[in-house]
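Hi,

Here is the structure I promised to pass on.

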Amino acid sequence: MKDRALVLGGGGVAGIAWMTGLLFGLSEQNVDLREADLMIGTSAGSTLGAQLGAASLEELFRRMVEPSAQGREINPGPRVLESFQKARATFSSITDRTERIRQIGKWALETPTISESERRKVVEARLPSHTWPDHGLAIVTIDAESGEIQVFDRKSGLDLVDAVAASCALPGIWPPVTIRGKRYIDGGVRCAENADLAKGYARVVILSPMGTTLPRIGGSGLSEQIEILEQAGSKTYLVTPDAKSRRAVGLNPLAPETRRPAAKAGREQGRGTAADLADFWNRGRV
């Protein structure tokens with residue numbers, strides 16, 4: 001098997017902030033998850049995966065906690081979120097997963113949102129560099145028409161901003177992203193983490209801002225994906241927000257004001273879990 005994979009899950013701007021703080025806190029204790037042979041980024045995780053190749057963890061953390069360094073974000077507002085929650089409840093009644101994802105994609109294509117160009121500016125501002133990072137980064141999206149998963153990497157010959165914007169295109173909230181004549185939506189529609197894509201790696205660390213208890217949008221749950229990995233021989237280590245981090249994220253992870261508290265709580269959690277995680281991450285290495 002290949003060695004180590006890092007899965008970066010979805011969870012809005014609060015998820016980006018929490019994972020950034022977590023990785024920074026771990027690094028302060030000499031645990032560097034950026035050494036992964038593969039990073040799988042979905043939605044918020046695609047943003048962080050792209051950022052990791054362009055700036056230090058200290059700088060990325062500063063961009064979360066210092067108001068003068070924070071980029072512009074758009075808060076979709078309570079009405080949009082309410083519409084999203086109602087739609088999710090409707091789609092949950094569709095038992096066939098493939099059909100459920102297709103119907104979510106259809107809804108995303110039909111629902112009015114801000115323009116693609118306006119949303120793209122936000123994603124551009126998030127990324128310190130628009131060049132694909134040197135580390136192995138797989139960005140997960142969904143074809144809005146077919147409902148099929150699409151994974152982009154630097155070999156895809158694709159603009160990094162477009163790939164990240166597509167992976168972050170939460171249905172009904174942000175516009176589907178046009179790439180080579182097709183429209184793509186948030187890879188979290190399949191699963192917020194898509195951890196099963198790390199199949200074949202000996203050790204897999206999963207950072208999940210959403211955890212295992214929150215309802216999923218369209219596809220499989222995280223517990224099921226972890227089972228797939230472990231049945232294939234992978235060892236997994238799951239990190240979800242602790243109680244303090246959950247309070248920091250609050251009820252709306254898309255709200256820009258969650259960045260500072262979520263990043264600070266993540267940093268503290270990273271420091272606290274470093275010793276145990278180091279044993280898993282570095283096991284068998286000289």
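Predicted model: local features only at pLDDT ≥ 70, side-chain atom pairs only at ≥ 80, totals over all residues.

Start with the inside: Phe-84, Ala-87, Arg-88, Phe-91, Ile-104, Trp-107, Pro-171 and Ile-217 line the largest cavity. A cavity here is a set of points on a 1 Å grid over the protein atoms alone where a 1.4 Å probe fits but cannot get out, and lining residues have an atom within 4 Å of a point.

Residues are numbered from 1 along each chain as its sequence is written, and side-chain values use heavy atoms, with hydrogens and water left out.

The structure has one cavity of 30 Å³ or more, and the largest cavity holds about 30 Å³ of space (the space filled by probe spheres set on the points, joined across faces, edges and corners). α4 (78-91) and α5 each give at least two residues to that lining, and α4 gives the most, with four. Helices are DSSP runs of H or I, at least four residues, numbered from the N terminus. By class, the cavity lining has seven nonpolar, no polar and one charged residues (Ala, Val, Leu, Ile, Met, Phe, Trp, Tyr, Cys and Pro are nonpolar; Asp, Glu, Lys and Arg charged; the others, Gly among them, polar).

Then there's the second largest pocket, with about 200 Å³ of space (a pocket is an open set with protein on both sides within 12 Å along at least five of seven lines). Its lining of 15 residues has Arg-97, Thr-98, Ile-101, Gly-147 and Arg-190 nearest the centre.

Cheers
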